[in-house]
Amino acid sequence: MTNLLWRFRGLALRGLCTSSAAAAVEESKKSKAAVNLFSAINQALHIALESDPRTYVFGEDVSFGGVFRCTTGLADRFGKHRVFNTPLCEQGLVGFGIGLAAMGNRAIVEIQFADYIYPAFDQIVNEAAKFRYRSGSQFNCGGLTIRAPYGAVGHGGHYHSQSPEAFFCHVPGLKVVIPRSPREAKGLLLACIRDPNPTVFFEPKWLYRLAVEEVPEHDYVLPLSQAEVIRQGTDITLIAWGAQLAVMEQACVEAEKDGISCELIDLKTLIPWDKETVEASVRKTGKLLVSHEAPITGGFGAEICASIAESCFLRLEAPVARVCGLDTPFPLVYEPFYMPTKNKILDTIKATVNY
Amino acid sequence: MQYREPGVLLWRGFTLQEFTNQLFGNKYDYGKGRQMPIHYGSNKLNYVTISSTIATQIPHAVGAAYSLKMDKKNACAVTYFGDGGTSEGDFHAAMNFAAVMEAPVIFICRNNGWAISTPTSEQFRSDGIAVRGPAYGMRSIRVDGNDALAIYSTVHAAREMAINERRPILIETLTYRVGHHSTSDDSTKYRPADEIEHWRKARDPVTRFRKWVKKNGWWNDEDESALRNDVRKKVLNAIQVAEKVEKPPLAELFTDVYDHPSSNLGEQERLLRETVKRHPKDYPIDVPV
């Protein structure tokens with residue numbers, strides 16, 4: 001818990017939820033309540049099951065509510081045939097989900113931790129991702145959504161902390177989505193569930209309870225493959241997704257004290273990613289920093305940096321920068337050393353701006 | 001679906017022309033020329049497109065069967081795999097899921113003794129595949145895979161059980177792979193030629209079935225020769241037609257990755273087309289650009 005407080009101290013995740021003034025007025029007319037991220041996920045699952053009778057939610061321990069409580073109340077309300085536990089076998093439950101989705105259902109699979117998604121890797125990469133392409137669109141499993149809690153949590157060690165998103169970003173046919181806050185989580189998860197392509201939805205488990213914001217109670221979706229500028233700035237573009245945005249936000253606040261104006265972008269969908277929004281920002285600021293918890297080598301930050309170096313080379317005023325996890329397994333007691341922390345980011349912001 | 005079951009597809013009504021269109025990957029191939037030969041698929045005939053990966057289709061069949069059960073359809077799912085495939089994790093996963101979920105699915109294992117060059121003695125130490133059914137809490141039937149009538153009655157009974165009782169069932173068909181694994185394989189390198197000949201001559205299921213229909217007076221040598229000539233003609237004709245048909249257009253390289261092409265694919269297609277214009281000789285002439 002010390003780590004957790006250290007990481008998010010004084011943050012209250014302010015600024016992570018932004019919307020235009022008009023949308024804000026419109027929103028204020030509707031019912032909304034302050035909820036945390038796992039409750040927002042839970043709301044999305046309720047709505048998904050309620051709005052389409054051919055929707056199923058299943059995975060290890062989901063019946064009683066799941067180890068993170070995301071599926072609380074679903075089995076009671078929608079029955080044990082639509083919300084159920086499966087045997088402890090990730091390749092089985094993703095494979096089962098593909099078959100269910102191929103029959104025109106929406107199959108929402110919960111992988112208990114992203115660290116345990118690897119037994120299902122073949123099913124996701126060779127089956128789900130290629131199902132439409134290899135059949136010439138005679139068949140698809142677009143109704144498949146794979147949810148998995150990812151990332152650091154302060155005490156997770158090797159097998160409860162990993163951020164495996166880059167593996168899946170290398171797979172044409174998949175969409176990979178990571179929300180930063182409760183409101184985003186609800187809208188993006190519903191978008192994934194209804195998107196006619198297989199999606200992998202990584203939930204920042206550190207924020208399950210910690211992130212609280214007002215979430216509209218009604219059914220809404222947020223667009224996929226659309227990044228969002230969540231903080232306007234002129235000196236440097238910062239890119240992140242999921243829980244890392246909260247750390248980036250802290251760095252932005254600190255940098256501002258030194259007179260550096262940071263533009264912070266939430267990528268939200270990693271593939272297919274919104275290159276246009278990132279390019280537009282870098283053309284304005286001339287500098288780019290990408291940050292993620294996953295190890296730096298071969299991380300998705302590498303793809304963003306290479307793409308922007310290609311397309312914005314003449315506008316760049318400093319080398320593109322990455323502040324990421326180390327190239328080690330995720331280490332328990334060394335977590336504070338491993339992590340791309342606020343001050344690591346701040347130092348890199350300064351070095352890049354003063355290059 | 002698995003790549004050794006074109007017979008199922010033929011029986012369901014896939015035409016010789018549809019087969020050859022896939023084999024040549026021409027523009028009428030439903031898979032748009034994207035997969036190797038024999039990776040058939042037909043939405044119309046409920047035959048889910050084949051992938052080369054071993055056993056991955058088995059858990060899909062369980063999910064599909066669960067859907068049929070939930071939709072109260074008078075139907076079951078059926079999936080095929082070989083003896084080698086039963087060593088894969090997906091086989092075990094699927095068997096366990098089917099039993100626990102009570103999914104109406106028929107698992108048909110074609111135990112032909114060989115997974116490419118690996119004999120079953122190096123694949124497992126269980127008494128074949130049938131014994132695994134009870135271990136997972138489902139019934140099994142082992143049948144002589146070279147006896148067409150026995151297979152028919154077995155699958156018929158299994159289907160009744162799967163649908164009426166909404167439960168899975170495992171069928172093990174004992175047979176032998178007299179052919180090579182694929183056109184790139186020479187199986188005499190790892191098994192004696194006389195063993196293959198024995199199965200081909202003495203225990204061939206087609207010969208056996210022919211004897212039975214002949215004995216009943218429903219078939220004779222003239223019928224046989226007429227059918228063979230007719231089918232040979234039709235196959236050759238289908239091949240000739242399929243090989244003359246042009247390949248699918250270049251644009252299809254980029255479709256179906258997603259329901260709509262993503263922006264990066266649009267950009268890649270544009271760049272590729274420029275390259276093709278600059279270096280047309282680098283690319284096959286039968287793919288329309």
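How do the residues of the lining of the second largest pocket divide into nonpolar, polar and charged? I began with this point, bearing in mind that the model is predicted.

**Entry 1: the pocket**

I recorded a volume of about 760 Å³ for the second largest pocket. From its lining of 28 residues, I noted those closest to the centre: A:Trp273, A:Glu303, A:Ser307, B:Asn264 and B:Gln268. I then looked up which elements give two or more residues to this lining, and found α12 (275-285) and α13 (300-311) of chain A, along with α10 (263-278) of chain B. The answer to my opening question is 13 nonpolar, 9 polar and 6 charged residues.

**Entry 2: the nonpolar core**

I turned next to the largest nonpolar core, which has 119 residues. The members that touch the most others are A:Phe202, A:Leu267, A:Ile304 and B:Phe107. Helix α3 (residues 37-51) of chain A gives the most to this core, namely 9 residues.

**Entry 3: helix α3 of chain B**

I checked the length of helix α3 (residues 57-70) of chain B: at 1.5 Å a residue, its 14 residues should span 20 Å, and the end C-alpha atoms are 20 Å apart, which agrees. Is α3(B) largely enclosed by the rest of the structure, or left open, and why? I found that 13 of its 14 residues are buried, so α3(B) is largely enclosed. After this helix comes B:Lys72, with a positive phi near 55 degrees.

Key: Residues numbered from 1 in each chain as written. Chains lettered and ligands numbered in written order. Predicted model: local features only at pLDDT ≥ 70, side-chain atom pairs only at ≥ 80, totals over all residues. Heavy atoms only, no water. Helix = DSSP H or I, 4+ residues; strand = E, 2+ residues; numbered from the N terminus. Expected span 1.5 Å × (residues − 1). Buried < 20%, exposed > 50% of the residue type's maximum accessible area, 1.4 Å probe, protein only. 1 Å grid on protein atoms, 1.4 Å probe; cavity = no way out; pocket = protein on both sides within 12 Å on 5 of 7 lines; lining within 4 Å. Points joined across faces, edges and corners; volume = space filled by probe spheres on them. Nonpolar A, V, L, I, M, F, W, Y, C, P; charged D, E, K, R; others polar. Core = buried A, V, L, I, M, F, W, Y, C linked by side-chain atoms within 4.5 Å.
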